[in-house]
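Please look over the sequence and the model below before reading on. The paragraphs that follow go through the structure part by part.

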Amino acid sequence: MYIIIDDRESVTSSYATSFDREGIAFLGFWSDVFQDWLCSADAGDLAAVDAFLLGDCEKRTTLPALIRRRTPSPIIGLNNVKSLKATLELFACGVDDVVNAPVHPSEVLVRAAAIRRRGKAVPEESSTQPFRVYFDGRDPTIGSEVMILPRRELRILEYMVSHQGKWISKSQIFNAIYGIFNADLDESVVESHMSKLRKKLRARLGYDLIQSKRYVGYRLIEAGAPAATQLIADEPKSISSEPSRRQGEYELHGQF
């Protein structure tokens, strides 16, 4: 989930539309409302934020320090006019990167991923995993082949990779993928997305890299770990590790 702080409603609405078009959860705040939310937000809500976009707002120079006290998530400053002075001022107040507005969601994803890599929050591309995730909107690759995924499943896979080895609850995944204030959907939608994603990975790799544990959540394990060589025990026994040709073709192309 991405958050923009900007006192212009037209700007926040425009970004919300463009991010939603890419299947990325997004929220817009006025600066005073954001500060109230930031002070009262719990750790789970803050952990769901991939990055903060700092636009044109009254408290532009003081917000980065307030954000950093609560969360290490990337802070990206948005410059309305290309100006060295404005860029230097943004870096001086504590942002991690500066871009010229308007900016495409794909560029925001790339820059946020680069910031997290510098902080070692996202595994490098030399990860031991047998697939590569790019964190910029591109589909992952397994070997030299692209694995086409629907947008929500891609976002879940990216989130799992960025938290590899850790147990992640259904609520955490839902908040990261759909946003913390989404009341239109139930958290159970995560189970459907996760089931389809696990089947596709298993069909390509021949084993299961995502563990699930009731009342705990999901975990992406390291390739080659003992649990990766067998199907997880709580998976239905009727699911075969070798899908039928028709099912494999259906999943290979990510069609629904």
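Is Cys39 buried or exposed? The model is a predicted one, and in it Cys39 has a relative accessible area of 61%. Cys39 is therefore exposed, since the cut-off for that word is over 50%. Another cysteine, Cys93, has a relative accessible area of 16%. That value is under 20%, so Cys93 counts as buried. Cys93 takes part in no disulfide, and the nearest cysteine sulfur, which belongs to Cys57, lies 9.5 Å away. The structure as a whole has zero disulfides.

Next come the nonpolar cores. The largest one has 54 residues, and the members that touch the most others are Ile3, Phe34, Trp37, Met160 and Ile173. Not counting residues up to four places away in sequence, Trp37 touches Ile3, Phe29, Asp45, Leu46, Val49, Phe52, Ile180 and Phe181. There is also a second, separate core of 17 residues, with Tyr2, Ile24, Val108 and Ile115 among them.

Tyr2 belongs to strand 1, which covers residues 2-5. Its relative accessible area is 1%, so Tyr2 is buried. When neighbours within four places in sequence are left aside, the contacts of Tyr2 include Phe19, Ile24, Phe26, Asp50, Val108 and Arg155.

Two packed helices are described by the angle between their axes and the distance between the axes. For helix 8 (residues 170-178) and helix 9 (residues 189-205), the axes come within 9 Å and cross at roughly 90°. Helix 8 is therefore roughly perpendicular to helix 9. On the helix 8 side, the contact is made by Lys170, Ile173, Phe174 and Tyr178, and on the helix 9 side by Val189, Val190, Glu191, His193 and Met194. Sorted by class, the residues of this contact are six nonpolar, one polar and two charged. Ile173 is also one of the residues named above for the largest core.

Two backbone details remain. Most residues other than glycine have a negative phi, and most peptide bonds are trans. Ala101 and Pro102, however, are joined by a cis peptide bond, with omega about -5°. Pro102 sits in the loop between strand 5 (97-100) and helix 6 (105-118). Tyr215 is not a glycine, but has a positive phi of about 70°. Tyr215 lies in the loop between strand 9 (210-213) and strand 10 (217-220), and is exposed because its relative accessible area is 81%.

Notes:
Residues are numbered from 1 along each chain as its sequence is written. This is a predicted model: local features need pLDDT of at least 70, side-chain atom pairs count only at pLDDT 80 or more; totals for chains, interfaces and linings use all residues. Side-chain values use heavy atoms; hydrogens and water are left out. A nonpolar core is a set of buried Ala, Val, Leu, Ile, Met, Phe, Trp, Tyr and Cys residues joined through side-chain atoms within 4.5 Å. Buried means under 20% relative accessible area, exposed over 50%, partly exposed in between (1.4 Å probe, protein chains only). Contact means heavy atoms within 4.5 Å. Helices (H or I, at least four residues) and strands (E, at least two) are DSSP runs, numbered from the N terminus. Axes are lines fitted to C-alpha atoms, for helices over the stretch in contact, and angles run from 0 to 180 degrees between N-to-C directions. Angles under 35 degrees count as roughly parallel, over 145 as roughly antiparallel, 65 to 115 as roughly perpendicular and the rest as oblique. Ala, Val, Leu, Ile, Met, Phe, Trp, Tyr, Cys and Pro count as nonpolar, Asp, Glu, Lys and Arg as charged, and the others, Gly among them, as polar. A disulfide is a pair of cysteine sulfur atoms within 2.5 Å.
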